[in-house]
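Thanks for coming, everyone. I'll keep this short and walk through one model from the inside out.

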Amino acid sequence: MSQIIKPLLLCTLLGLSFSDYFLPNIKDIDHKDSVLVTAKSNPSTHQNSPQNNSENISSIDISETKAEYQRFMQTLSDRKITILPIDEVLQTVSTKFLGAAYREGLLDQDTTEKLFVSLTDFDCVLFVETVLAFSRNLRSPSPSYENFVEKIQEVRYADGKLDGYCSRLHYFSEWIRDNQKRNIVRDLTSELGGVPLNKKLDFMSSNWQKYPRLKNNEANHQCILAMEQKMEQEMRSQPLRYIPSRKIRSIYSLLKAGDIIAVTTDLKGLDATHTGFVYPTANGIGFIHASPSGKVKVSPDLQRYVEGVDHAIGIMVARPVN
């Protein structure tokens with residue numbers, strides 16, 4: 001990154017939502033993708049209640065996305081993938097997306113909260129949600145594009161219900177907690193030796209001026225405050241935990257393909273800055289993710305990758321339920 005651009009980015013303080021925080025570091029892209037916090041200039045929005053029709057679904061191109069879904073399904077048609085364990089399904093599906101483009105701000109392109117769907121372009125959270133939803137769809141009794149779309153909504157929004165901007169699970173620890181309540185994933189961090197992450201999560205409300213959907217919408221601002229207060233109450237009985245970076249390699253034998261990794265951070269008010277999947281290779285435990293360096297790829301060593309992320313202090317681990 002040039003000496004002119006870098007200071008400008010560093011002076012731009014905050015992002016729009018969890019999945020918008022990432023910028024590429026073009027040096028050492030295999031092991032040291034820099035994670036910075038930056039502001040986006042998305043338009044202000046006013047939320048509407050969701051409707052169960054195509055107007056509430058946003059994609060790069062809905063017809064093209066459906067066609068891409070069918071092409072994707074055809075590549076899996078000669079395999080008995082539907083009867084494989086979920087970890088093998090997740091690894092197979094995630095591999096199909098290698099080389100797909102990384103793009104920022106995909107969930108905030110519309111002026112209202114719509115269910116964004118893409119099979120070609122991802123940020124890190126969208127990649128995790130898409131692979132998980134596609135894998136769950138494959139293992140359902142009647143796989144279909146409509147079922148796949150429904151499963152994306154299930155994992156992205158609180159209680160699986162799209163009800164405006166504030167219903168999106170903006171903090172990834174809350175994403176894990178909410179999906180665990182509905183038996184979609186299981187938080188493994190504690191049983192893998194996680195230590196307390198003692199911090200208050202108020203990144204969005206503390207920096208509301210940098211979020212157009214909060215700055216220009218008092219109702220959104222108030223519901224984000226309420227969401228953060230709810231999270232604080234939940235954390236009193238179930239404190240957040242993380243596995244320190246230096247101990248990640250010691251749990252490699254306990255990780256499985258498709259385990260969801262959230263890179264925890266020391267940034268004030270924030271829990272995590274990046275996410276992806278465990279990806280076992282012949283040489284150890286890798287990490288498949290939509291990388292800020294520009295595409296979906298496998299970083300060959302999970303601990304080495306996390307140690308190279310700006311402000312990273314460790315990981316949270318969630319396992320999709322079989």
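**Strands, rings and core**

Keep Phe-277 in mind, as the rings bring us back to it.

A word on confidence before I go on. This is a predicted model. Mean pLDDT for the protein chain is 83, with 80% of its residues at 70 or more. The exception I want to flag is residues 1-53, where pLDDT is below 50. That stretch still has 144 contacts in the model beyond near neighbours in sequence. Where pLDDT is low, predicted coordinates should not be read in detail.

Now the strands. Strand 9 and strand 10 run antiparallel, joined by five bridges. They make a hairpin, with two residues between them. On to strand 8, residues 260-265. Five bridges join strand 8 to strand 9, and again the two run antiparallel. Here Ala-262 has Thr-275 of strand 9 as its bridge partner. Strand 8 and strand 9 also form a hairpin, this one with six residues between them. In that turn, Gly-269 has a positive phi of about 80°.

How enclosed is strand 9? Eight of its 10 residues are buried, so the rest of the structure largely encloses it.

Next, helix 3, residues 86-96. It is mostly covered, with eight of 11 residues buried. Those are Ile-86, Asp-87, Val-89, Leu-90, Gln-91, Thr-92, Val-93 and Ser-94. What covers them? The cover includes helix 2 (62-75) and helix 4 (124-138). It also includes strand 9 (272-281), strand 10 (284-290) and strand 12 (312-320).

The largest nonpolar core has 68 residues. Among those with the most contacts inside it are Val-93, Phe-127, Phe-134 and Trp-175. Helix 4 gives the most to this core, with 10 residues. Apart from it lies another core, of 19 residues, including Ile-243, Ile-248, Phe-287 and Val-306.

Take Phe-134 in more detail. Set aside neighbours within four places in sequence. Phe-134 then contacts Tyr-69, Phe-72, Met-73, Leu-76, Val-93, Leu-119 and Phe-148.

Several of those names come back in the rings. The structure holds 13 aromatic pairs. Take Tyr-69 and Tyr-145: 5.6 Å centre to centre, 75° between the planes, edge-to-face. This pair links distant parts of the chain, 76 residues apart. Tyr-69 is in helix 2, and Tyr-145 is in helix 5, residues 145-156. Are these two tyrosines buried or exposed? Tyr-69 counts as buried, at 2% relative accessibility. Tyr-145 is buried as well, with a relative accessible area of 6%.

Phe-72 is in helix 2, while Phe-97 is in the loop between helix 3 and strand 2 (101-102). So the pair ties together parts that are 25 residues apart in sequence. Phe-72 is buried at a relative accessible area of 7%, and Phe-97 counts as buried at 3% relative accessibility.

Which residues do ring pairs link into a cluster? Tyr-69, Phe-72, Phe-97, Phe-122, Phe-127, Phe-134, Tyr-145, Phe-148 and Phe-277.

Note on methods:
Residues numbered from 1 in each chain as written. Predicted model: local features only at pLDDT ≥ 70, side-chain atom pairs only at ≥ 80, totals over all residues. Heavy atoms only, no water. pLDDT = per-residue confidence, 0-100. Contact = heavy atoms within 4.5 Å. Buried < 20%, exposed > 50% of the residue type's maximum accessible area, 1.4 Å probe, protein only. Helix = DSSP H or I, 4+ residues; strand = E, 2+ residues; numbered from the N terminus. Core = buried A, V, L, I, M, F, W, Y, C linked by side-chain atoms within 4.5 Å. Phe/Tyr/Trp six-rings, centres within 6.5 Å; stacked < 30°, edge-to-face > 60°. Pairing = 2+ DSSP bridges.
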